[in-house]
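I opened a notebook for this structure and wrote down what I looked up, entry by entry.

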Amino acid sequence: MLGGGARAAKPSFVSYISPEEIHIKEPIEKEVNPRLLPGELLLCEASTVYKYMQEDGSNRGTYGKLVCTNFKISFLDDDSASDDNEPQFKNKIVGENDITLQCVDQIYGVYDEKKKLLTGQLRKYPEKLIIYCKDLRVFNFCLRYTKEEEVKRIVSGIVHHSQTPKLLKRLFLFSYASAAPNNTDGRNQTVMFETLEDWRDELERTKGNVKYKAVTTNEGYRVSEKLPLYFVVPLCISEESILKYEGRGIPIWCWSCHNGAALLKMSTFPKEQDDSTSQMQKAFLDGIYKTISKPPYELLKLDDLSSSLPSLQDIQTAYTRFKQLFLIDNCTDFWATDVKWFSLLESTNWLEIIRRVLKKAIEVAECLEIQHTNVLLIEESATDLCCVISSLVQVMMDSYSRTKSGFQSLIQKEWVIGGHSFLDRCNHLHKSEKEEAPVFLLLLNCVWQLVQQYPPAFEFTETYLTVLSDSLYVPIFSTFFFNSQHQRDTNKSGESLKTQSGPFRFLTVWDWAVQFDPKAQAFLNNPLYAEKPKPDKSQRKTARFKHQRQLSLPLTQAKPSTKRGFFREETDHLIKNILGKRIGKFINSSDEPPNSLREFYDSWHSKPVDYHGLLLPRIDGPEIKVWAQRYLRWIPEAQLHGGGTIATAAKILDLMEEVQSLQVKMDEEHSQAVSGDVHSVPMLRNSARLSSLFPFALLQRQSVKPALPTSTWKDLEDEDDLVKRDDEFVDLSGDML
């Protein structure tokens, strides 16, 4: 081994063997065929394809077969032939080396070491293929040793079936629905909001039936194809008003607060209208507002989200920049960007958009909770940002929406039945990038901020949110593959396909047994969820948790400032040094909240948290974080082995199981009932070997460099004694400042 100051001798040996040939695995002894789902057809394949290991700087990998079906792209090697060493958290539909066609983001070919985006017809075929996925995986395939004819077929097939525009009924969703047996789990507790009774039950649950009614005006979609069959409006709204402008300009009920104040949404009229039509529409809206707003008893606040929140184009641009930070080809690229990570992250503007959306939700919550004012969210279609804000407000204010079934019912109500254009916003058909925008992902990112700030308040985990985001691109569920209830209902017939079963029976994503076995589903449930206490006043006081806010505010003084706001004027000196211009920009922001909102925010955060009451997210600059599990799970350099939240959770769960086993011994009469809960997380043994991004990253190999900033690593590279130190704490705070 050379010393720190010695120069390496110039290599005198020249290898004429490629790195791929050096690391060849033993040839596959038996033919490996893809596991096909019902309705799945093999379209093309290529043998002797070399798959690189993304996490390794050397060209190590494995040979196998690359196949393309009408559902997915799949790489099959000798490991695919056996069930040994299967991951503990396994998706039964999409494997580790599977990419659904809807999950493909971009495909690049490498020609003479130069990358080129592949679209349409190809004149020349690449020697390497790089596939970037929407779930942020990156696959590198070498085609240098594959037969030329097979290269042409597989590359052309992958590009054509994953990138070119297609008809709706060409989606695998319909092939699967026509061929798969209908044996779904009937125990799903999610409210689907497809019947009038579902809406009436929701009105009764929220005590909104005093002022609001569920209507059947749109049965047969005679009012509008964009509206659901059933929805809720104020009692004073007549059927004629709903029919007059095809549902536009009508306040549609979302949710009622405990004090009677309601959250409503409304789609606007088309902008380009002649004067007489505009005046008629304005008079119509004035009449609608007067029927709802009756001061001083009934107040109404209008909130035009198109003027107070970023546009869909801004959201799409920010996310496109943001995701590029995580689409890493190899560890060299990771370390090259590490030194300017914070500036790159800030320049995307994605975290700032999340902060603005959460702030808007706080404003709405303040109107409902404190001012007892009805809030009417206004948007052109009322199916994008209206869905985000209304969902966030309900998650913050209604503890039912923080349970698993409650959250799923909320997504059904506000997004699926509410008419969010999943097909267009996710660009599943590759027809128009102009309509594409990660609106639903924006909601999940905002909900994740709440989940990581207040874990005991949620019955589900961040793993649940990550899996839900992945399910956006799995076309066997109808949940995220239509623009409206009308579009789904009209495409249920099996006329275009040769089926004898009549209408299609689409699966819902909420049946998690389709994707995961019971052991894997345990990761979706939060074992530390604070169950709602019984309504006994004497118990309610003792059951409240103390909110350890100082522990969750990184880099702040132990003593809270007397001036507490969204962005404290007396910010800790350490934050100013580390975050520099960014925190300064936040403090001097022109969109400072009004005093009433500031007081509401500060007052709530000064009290202990009721995990079953109102939750307000912390939105100071450093508090808005990157969703590490979703965005960093495929990057080994970003993982902490034996560390992170998973290590803490594993220790707590071990203690819980020990307490439960002691309770079993003390009371054997109830042993079966108690031991039934001990299966919560059976796979968290030996947490020291798990990755911080478990369960997606398991026992990964260590990176070639430690997970330290590049600049710090270079400063320490020559310190021989540092390598020899054993379990010694090294203070790097001085270098960081």
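Predicted model: local features only at pLDDT ≥ 70, side-chain atom pairs only at ≥ 80, totals over all residues.

Entry 1, a covered strand. I looked at both faces of β14 and found Asn374, Leu376 and Ile378 buried on one side, and Val375, Leu377 and Glu379 buried on the other. Buried means under 20% relative accessible area, with exposed over 50% and partly exposed in between (1.4 Å probe, protein chains only). In a regular strand the side chains alternate between the two faces of the sheet. β14 spans residues 374–379, and six of its six residues are buried. Strands here are DSSP runs of E of at least two residues, helices are runs of H or I of at least four, and both are numbered from the N terminus.

Residues are numbered from 1 along each chain as its sequence is written, and side-chain values use heavy atoms, with hydrogens and water left out.

I found β12 (residues 262–267) paired with β14 in the parallel sense over five bridges; two strands pair if DSSP finds at least two bridges between them. Serine 267 has glutamate 379 of β14 as its bridge partner. β13 (residues 300–304) also runs parallel to β14, joined by five bridges, and aspartate 304 stands opposite isoleucine 378.

I traced eight strands with antiparallel pairing in the order β4-β3-β2-β1-β8-β7-β5-β6. The edges are β4 (98–100) and β6 (114–117), each pairing on one side only. Neighbouring strands are turned by 30° against each other on average, direction ignored. Within this sheet, β7 (residues 128–133) and β8 (residues 138–142) are antiparallel and share five bridges; lysine 128 has cysteine 142 as its bridge partner.

I checked α15 (residues 439–453) against α16 (residues 462–470): their axes come within 10 Å and cross at roughly 175°. Axes are lines fitted to C-alpha atoms, for helices over the stretch in contact, and angles run from 0 to 180 degrees between N-to-C directions. The two helices are therefore roughly antiparallel, a term for angles over 145 degrees. On the α15 side, the contact (heavy atoms within 4.5 Å) includes Phe440, Leu444 and Trp448. On the α16 side, Glu462, Leu465, Leu468 and Ser469 take part.

Technical notes
Parallel < 35°, antiparallel > 145°, perpendicular 65-115°, else oblique.
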